[in-house]
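Biologist: Can you walk me through this one? I'd like to start with the strands.

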Amino acid sequence: MNSPRPRQAPQDRDGDLAEVIDLPANDIADAGRPQLARIQELDSLAGKVALVTGAGATDGIGFAIATRLRLLGAAVAVVSTTKRIHERAGEIDAVGFVADLTDEAEVGGLGDAVVDSVGEVDILINNAGLTSKSDPAVVKPVAQLSYADWKAEIARNLDTSFLVSRVFVQGMAERGWGRIVNIAAAIGVVNAVPAEAAYAAAKAGVTGLTKALATEVVADGVTVNAVAPGLIRTGSSTVNELQRGLDGPLGRPGTPEEVAAAAAFFCAPSASFVTGQTLVVDGGAGIRALGHEPGR
């Protein structure tokens with residue numbers, strides 16, 4: 001075993017900075033396969049069971065997340081409101097379930113079915129709630145928004161995260177390990193657009209739920225975080241949304257895979273010191289001041 005090198009006085013030159021810190025010189029010199037294997041081990045999800053909601057669309061965020069978690073080694077269960085989920089499950093060697101996640105009884109039944117078929121859930125991705133062509137968002141000014149419309153948007157985009165988290169979080173806490181990642185949105189978290197007040201309120205509520213739940217299980221080895229996508233190109237994207245993406249700082253909408261990468265980061269065993277946070281994935285749109293846009 002090498003004895004640690006004595007700490008030296010700080011130097012003015014940047015090149016001497018390494019001499020100020022007690023670095024394990026031999027470990028650095030031997031960097032390579034062993035270190036790479038260690039990093040891969042830290043990020044591996046082998047032996048973990050993941051449940052991803054809202055994963056029925058081939059070009060959607062939920063399916064991209066499920067695919068990434070499967071590639072990282074997790075056993076994956078996916079759920080959506082239609083039987084097409086079984087096709088998605090077959091494509092990534094996962095197990096599919098059909099359930100209405102706004103229905104408390106169906107969520108309870110889903111919990112039992114997933115545990116019986118796949119095992120206790122270690123990783124939960126609450127993605128259900130995003131719009132689709134068959135279930136578009138309610139786009140109306142507040143003055144024209146019915147109470148039924150409001151409740152439907154809240155149920156789809158906020159209640160689902162609450163109901164599914166409630167089913168699985170206690171088991172995670174009792175086992176001393178768990179990851180919950182809620183998919184929020186840039187709308188409601190960093191910006192808003194006209195006629196989408198209910199959606200914005202629901203997604204802002206998702207980040208509030210994320211922080212509150214994180215405080216409840218912070219000592220139990222369970223982390224709770226959120227990802228807030230901006231304009232992402234999916235099958236349900238409208239022409240207006242895609243155009244707004246083209247007008248963004250990067251000149252394009254984001255991809256489901258880019259959102260999946262952010263979600264996977266929160267799921268990694270090595271991300272154990274990160275909880276209660278929201279990671280915005282919007283290509284810089286939320287930080288660009290209008291007065292500094294190119295051409296202005």
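Modeller: We'll take a strand, then a loop residue, then some helices.
Modeller: This is a predicted model: local features need pLDDT of at least 70, side-chain atom pairs count only at pLDDT 80 or more, and totals for chains, interfaces and linings use all residues. Residues are numbered from 1 along each chain as its sequence is written, and side-chain values use heavy atoms, with hydrogens and water left out.

Biologist: Which way does β1 run against β4, parallel or antiparallel?
Modeller: Parallel, with three bridges joining β1 (residues 49-53) to β4. Two strands pair if DSSP finds at least two bridges between them. V52 stands opposite I125 in β4.

Biologist: And how many bridges link β4 with β5?
Modeller: Four, again in the parallel sense. β5 spans residues 178-183. Here I125 stands opposite V181.

Biologist: New topic. Where is A268?
Modeller: In the loop between α10 and β7 (278-281). A268 has 6% relative accessibility, so it counts as buried.

Biologist: What does A268 contact, beyond its neighbours within four places in sequence?
Modeller: D43, L45 and R179. Contact means heavy atoms within 4.5 Å. A268 and I123 are 145 residues apart in sequence, but 9.7 Å apart in space, C-alpha to C-alpha.

Biologist: Now helices. At what angle do α4 and α10 cross?
Modeller: Roughly 50°, and their axes come within 8 Å. That makes α4 oblique to α10. Under 35 degrees is roughly parallel, over 145 roughly antiparallel, 65 to 115 roughly perpendicular, and the rest oblique. Axes are lines fitted to C-alpha atoms, for helices over the stretch in contact, and angles run from 0 to 180 degrees between N-to-C directions.

Biologist: Which residues of α4 meet α10?
Modeller: I61, A64, I65, R68 and L69. Their partners in α10 include P256, V259 and C267.

Biologist: Last one. Is T160 buried or exposed?
Modeller: Buried, because its relative accessible area is 4%. T160 lies in helix α7 (residues 147-175). Not counting residues up to four places away in sequence, T160 touches L101, T102, N126, A128 and A155.

Notes: Helix = DSSP H or I, 4+ residues; strand = E, 2+ residues; numbered from the N terminus. Buried < 20%, exposed > 50% of the residue type's maximum accessible area, 1.4 Å probe, protein only.
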